[in-house]
Amino acid sequence: MNTHLVPDVLISEVGPRDGLQSVKATMPTANKFKWIDALVAAGLREIEVCSFVPAKHLPQMADAAEVVRHALKHPGVTVMALVPNLRGAKEALRANVHKLTIPVSASAAHSLANVRKTREEMIEEVRAIVRLRDEIAPGVKIEAGIATAFGCTLQGEVPEGDVVWMASQCIAAGADESGLSDTTGMANPAQVRRLFHKVRAAIGDKTGAAHMHNTRGLGLANCLAAYDAGVRTFDSSLGGLGGCPYAPGASGNVVTEDLVFMFAAMGISTGVDIAKLIAAREPLKAGLPGEPIYGMTPEAGLPKGWSQCASSIGLVPGA
Ligand code: ZN
């Protein structure tokens with residue numbers, strides 16, 4: 001029984017960054033604080049709270065430094081920020097984040113369209129960010145998130161060799177870990193299992209998070225496939241915030257509530273309290289009135305006789 005020790009898997013909540021930057025409305029700073037507090041109260045121990053990008057491009061993230069300052073008040077929580085380049089990394093390190101995540105596309109076409117850099121140029125950017133980190137904040141962890149790892153809306157198929165190469169290059173450039181992102185919602189479980197095995201064969205336990213999208217309803221299946229391939233960190237977003245523009249009515253990110261439910265029901269501990277997690281939807285809704293949020297577990301409720309304690313030691317819920 002390890003509920004009071006280290007959980008079996010780490011749920012990395014990305015809603016305040018990935019979710020908020022995908023919606024049109026800007027959540028007021030005070031509401032972001034309340035939402036983050038509720039996420040922490042539910043037991044989440046890693047939260048991607050913002051991205052450091054010019055406010056003229058993403059007004060939703062204009063208060064990034066302030067949000068980091070607030071999140072840092074919670075002891076034991078890893079405060080993460082997304083940085084697309086060295087300039088963003090400088091600001092994030094100045095704000096004292098614990099961990100940086102750098103999106104790096106495996107698709108050559110997506111890389112050029114998204115950040116106007118070739119993949120080789122992005123690897124150099126990772127190297128420059130690592131150098132800066134080593135100089136001014138050596139304790140900060142750096143993750144390279146391989147975007148479009150499972151397919152690209154611009155170039156279609158992304159060769160698996162390209163994904164493994166990108167992940168290996170980022171680690172060689174000094175990143176602490178490299179995870180895979182299904183940016184476009186094209187992944188399937190067989191592919192996820194195969195590709196994570198290949199990446200693990202190349203970079204071992206520097207293999208990072210699975211960042212899955214639910215665009216075509218395969219988000220949870222893909223997370224489970226990643227788990228089978230040895231992945232133990234999963235990105236997800238409360239209420240699946242961050243609608244995918246290519247699939248109206250479908251959520252973008254995997255729904256944290258459903259992901260936690262799946263693992264808990266299987267006896268895999270997450271350290272997260274589902275009831276409190278569901279309660280954390282209230283400050284989210286209050287901060288983004290009218291924005292659709294998703295989740296099967298919050299709608300259905302917990303099964304009769306559900307006990308998280310029983311489930312976390314592997315007993316059948318309700319038994
Ligand atoms: Zn996402």
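Residues are numbered from 1 along each chain as its sequence is written. Since the model is predicted, local features need pLDDT of at least 70 and side-chain atom pairs pLDDT 80 or more, while totals for chains, interfaces and linings use all residues, and side-chain values use heavy atoms, leaving out hydrogens and water.

**View 1. The largest pocket and its lining.** The space inside comes to about 1,300 Å³. A pocket here is an open set of points on a 1 Å grid over the protein atoms alone, where a 1.4 Å probe fits, with protein on both sides within 12 Å along at least five of seven lines; lining residues have an atom within 4 Å of a point. That gives 43 lining residues, with Arg17, Gln21, Pro103, His110 and Asn114 nearest the centre. By type, the lining splits into 15 nonpolar, 20 polar and 8 charged residues. Among the elements supplying at least two lining residues each are helix H1 (15–22) and helix H5 (108–115).

**View 2. Helix H7 against helix H8.** The axes of H7 (residues 160–172) and H8 (residues 189–203) come within 10 Å and cross at roughly 35°. It's a right-handed crossing. H7 brings Val163 and Ala167, among others, to the contact (heavy atoms within 4.5 Å), and the H8 side includes Leu195 and Val199. The contact residues divide into 8 nonpolar, 2 polar and 3 charged.

**View 3. Ala190 in helix H8.**

Note on methods. Grid points are joined across faces, edges and corners, and a volume is the space filled by probe spheres set on the points. Helices (H or I, at least four residues) and strands (E, at least two) are DSSP runs, numbered from the N terminus. Ala, Val, Leu, Ile, Met, Phe, Trp, Tyr, Cys and Pro count as nonpolar, Asp, Glu, Lys and Arg as charged, and the others, Gly among them, as polar. Axes are lines fitted to C-alpha atoms, for helices over the stretch in contact, and angles run from 0 to 180 degrees between N-to-C directions. A crossing is left-handed if the near helix is turned anticlockwise from the far one by less than a right angle, and right-handed if clockwise.
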